[in-house]
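Me: I've got a new model to look at. Can you walk me through parts of it?

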Amino acid sequence: MTESTLFAAAFILYILAAGFYLATTFSKIKRRAPLGFWLGLAGLALHTLALVLRTSESGHAPFTNMYESLSFLAWSVALACAITVRRFGLPRIGGYLMLIVIALVALASSPLMPKEAAPLVPALQSIWLWLHVSVTILGEAFFAVAFVASLVYLAARDDAKRAQMDDLAYRCVAVGFPLFTLGGLVFGMVWAAKAWGTYWSWDPKEVWSLITWFVFALYLHTRIVMGWKGKRSAVIAVIGFLAALFTYFGVNYLLNGLHSYA
Amino acid sequence: MKRTLAFFSSLRLAILLLILLTAASVLGTLIPQGRSFEEYTARFGGFTSLVLHLQLNRLYHSTWFLVLLGLFALNIVVCTLTRLGPKVRRARSPRIEVEPKSLAALKIRDCVKLKIPAAGAKSELQKILADAGYRTRETTRGGRIHILARKRVFGLFGSDSVHVGLLIIIAGGLVSGLSGFREGLTLVKGQEGPVPRSEFRLRLDDFTTEYYAGGGVKAWKSTLTVLEKTGPVLSKTIEVNHPLSYKGVSFFQASYGWDWDKTSIEIWARKKNDPAYLKKLTVRVGERRDLEDGERTALSVTKFFPDFVLGAGNEPQTRSNEPNNPAALIEGYRGEKFFSGWVFANYPDFSQTHGTADSGLTFELKRFDAEPVSVIELVYDPGAILIWIGCALVMAGLGLAFYWPTWEIRAILEETQGQADLVAAGSATKSRDRFAAEFARLGAALRRNR
Ligand code: HEM
């Protein structure tokens with residue numbers, strides 16, 4: 001099977017998973033949620049194969065253009081979804097997360113995204129490409145879960161559900177924040193120091209990573225000291241994820257700088 | 001004094017500063033940084049002087065942004081220092097004796113009546129706690145046995161490690177900005193150049209570009225030799241991502257190009273009315289050659305631009321250092337200057353000369369050869385080491401703060417009629433539900449044994 005067949009099959013499985021997850025959320029039948037989980041996992045398995053195939057064919061990390069990096073982001077969100085649903089047994093967020101995964105896969109498949117794997121320019125030939133991008137995107141995937149949990153919180157009416165979502169969002173930030181710090185900031189600085197001789201250049205992509213990081217630092221501190229759990233926390237988590245999204249997309253298309261190749 | 005201290009240690013200030021730093025950072029990505037005055041006037045018109053006054057064109061290096069960062073650092077220093085003392089005390093010599101009602105205030109708690117004397121209950125409890133990984137301390141006061149059991153106490157210092165790490169990173173940034181240097185050194189093969197503030201020099205022994213089969217650049221490789229006064233001491237081939245370091249200075253493959261000022265050009269001259277005449281000349285920029293056309297015409301090449309464009313005032317200039325539109329300015333002399341004009345490698349039809357009279361000659365720019373140059377970035381950055389130390393502390397601190405939660409159980413044993421009454425309560429800095437489950441399990445174990 002080729003990479004694109006696997007990718008398409010994963011896409012279909014993700015759609016089915018979203019369907020079964022959402023069916024549990026919006027109906028009284030609760031039995032279907034496990035089906036959503038297993039279908040999502042099957043999609044994840046095929047998607048993993050697709051990524052492995054692409055890596056072995058191109059000979060480099062599968063995130064060197066927009067198509068690859070969107071596909072990897074989708075994969076990471078699907079993974080974070082599987083982990084959180086498994087661990088916290090909250091199928092409700094599974095449906096919404098799968099919708100995000102589907103949107104990302106669809107965007108990656110759009111004809112606007114160049115798909116051919118180009119050989120790497122010298123700056124990208126580094127082990128730090130793997131470390132920097134994969135860890136950052138994994139962190140962002142957990143921010144995505146926190147984002148969904150926060151939106152569900154803001155939409156929810158009953159207190160038990162809200163408490164659940166507030167807690168889930170916090171736990172995801174507790175995973176995403178260290179990952180994002182390590183991948184986005186620390187590994188990014190190490191790589192910049194190796195490639196350009198300067199760990200920080202105030203390039204727009206760097207600054208937006210810093211902004212994202214500041215927003216989640218705000219999230220943590222307002223919770224500890226001001227006891228801003230609940231609604232205001234949820235709003236900050238939503239802003240934080242939007243900042244992460246802007247770092248990911250907006251900077252490439254709206255601002256320009258050193259990171260223009262990724 | 002006390003109020004100033006309180007102000008600088010407050011988390012409200014931290015939150016305000018975080019919001020301001022975020023807003024300033026956003027602003028700096030909306031306003032292009034470090035552009036020319038003309039670009040700002042084109043964009044901001046009448047507001048340009050305001051933008052420049054507020055240093056918004058170099059926002060991240062502006063006085064006010066640095067003041068903001070300084071306040072942030074001060075905030076962290078004061079906040080950490082005021083909290084660290086009590087925290088260390090709490091970790092090293094905690095109060096073991098507590099009032100029963102303070103335990104009643106905790107959410108996770110339990111009480112049991114055990115059918116054995118207090119002393120036996122105590123060792124039973126201590127054994128269960130120790131098996132679960134808790135370190136226990138105890139004290140007896142007024143007939144009550146107080147037990148304090150904790151695990152992963154070091155986790156308390158996670159946030160401090162993060163904050164100290166941040167301070168070190170800010171300090172590192174300051175050191176990098178104030179001392180240290182970065183300079184480009186452009187060398188052709190065989191050339192050597194000075195290294196700033198150092199005794200040694202750098203020589204480029206070889207420079208090659210490797211291409212992929214499809215045409216893209218695969219690697220630039222510069223073989224460098226470090227020359228001390230006594231002679232060569234070290235040689236290494238560097239490429240992007242693989243620098244060379246010597247005595248604190250690092251050498252990075254930054255860029256590449258050609259030494260266009262010394263381009264060697266092949267020019268073909270023809271006579272309009274004599275098809276038999278063809279003169280091929282190879283000339284370097286600045287040189288003059290005889291055309292041997294029977295009219296004693298001499299030709300010189302005065303300029304070479306790799307990427308010819310006409311600038312604002314129709315002034316010829318080069319747009320880049322890439323050979324996108326190579327052009328040479330040639331001049332012809334018959335005694336004195338007789339004609340001049342630009343010849344283009346890509347556009348032979350545009351190659352025309354103008355002079356005091358028709359020279360009867362046409363020229364083609366056939367070839368151009370310039371030596372490749374390697375641009376090496378020389379970097380001395382004594383702040384970098386602080387950045388890495390700071391990053392390590394931040395990451396260790398994040399690990400501790402989120403994944404090394406301190407769990408604490410307090411118990412009070414009191415004996416009435418040979419039977420022990422146990423009141424216990426616990427608290428956790430993180431993962432409260434896992435702690436609650438463990439607390440319940442320990443309670444059950446105690447009940448099972450007795
Ligand atoms: C971007 C900057 C900052 C980052 C990344 C950061 C990071 C952290 C982290 C990860 C925690 C632990 C959170 C938790 O356990 O849930 C924390 C706690 C804390 N931070 Fe910060 N911090 C920053 C700035 C500040 C500043 C400027 C202050 C100044 C007052 C501050 C004061 C505190 C305090 C008081 C705590 C709680 C300490 C504790 O109970 O252990 N932080 N910080």
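Reply: Start with chain B. Strand E7 (residues 217–228) and E8(B) pair in the antiparallel sense over 7 bridges. Strands (E, at least two residues) are DSSP runs, as are helices (H or I, at least four), numbered from the N terminus. Two strands pair if DSSP finds at least two bridges between them.

Me: What is the bridge partner of B:Ser222 in E8(B)?

Reply: B:Ile238.

Me: In what order do the strands of that open sheet run?

Reply: The order is E5-E6-E7-E8 in chain B, 4 strands with antiparallel pairing. Strand E5 (192–194) and strand E8 (231–238) of chain B are the edges, each pairing on one side only.

Me: Quick check, where do the numbers come from?

Reply: This is a predicted model: local features need pLDDT of at least 70, side-chain atom pairs need 80 or more, and totals for chains, interfaces and linings use all residues. Residues are numbered from 1 along each chain as its sequence is written, chains are lettered from A in the order written, and side-chain values use heavy atoms, without hydrogens and water.

Me: New topic. Which residues are closest to the centre of the second largest pocket?

Reply: A:Tyr199, A:Trp200, A:Trp202, B:Ile169 and B:Gly173, out of 40 lining residues. A pocket is an open set of 1 Å grid points where a 1.4 Å probe fits, with protein on both sides within 12 Å along at least five of seven lines; lining residues have an atom within 4 Å of a point.

Me: Which element gives the most to the lining?

Reply: H8(B), with 8 residues.
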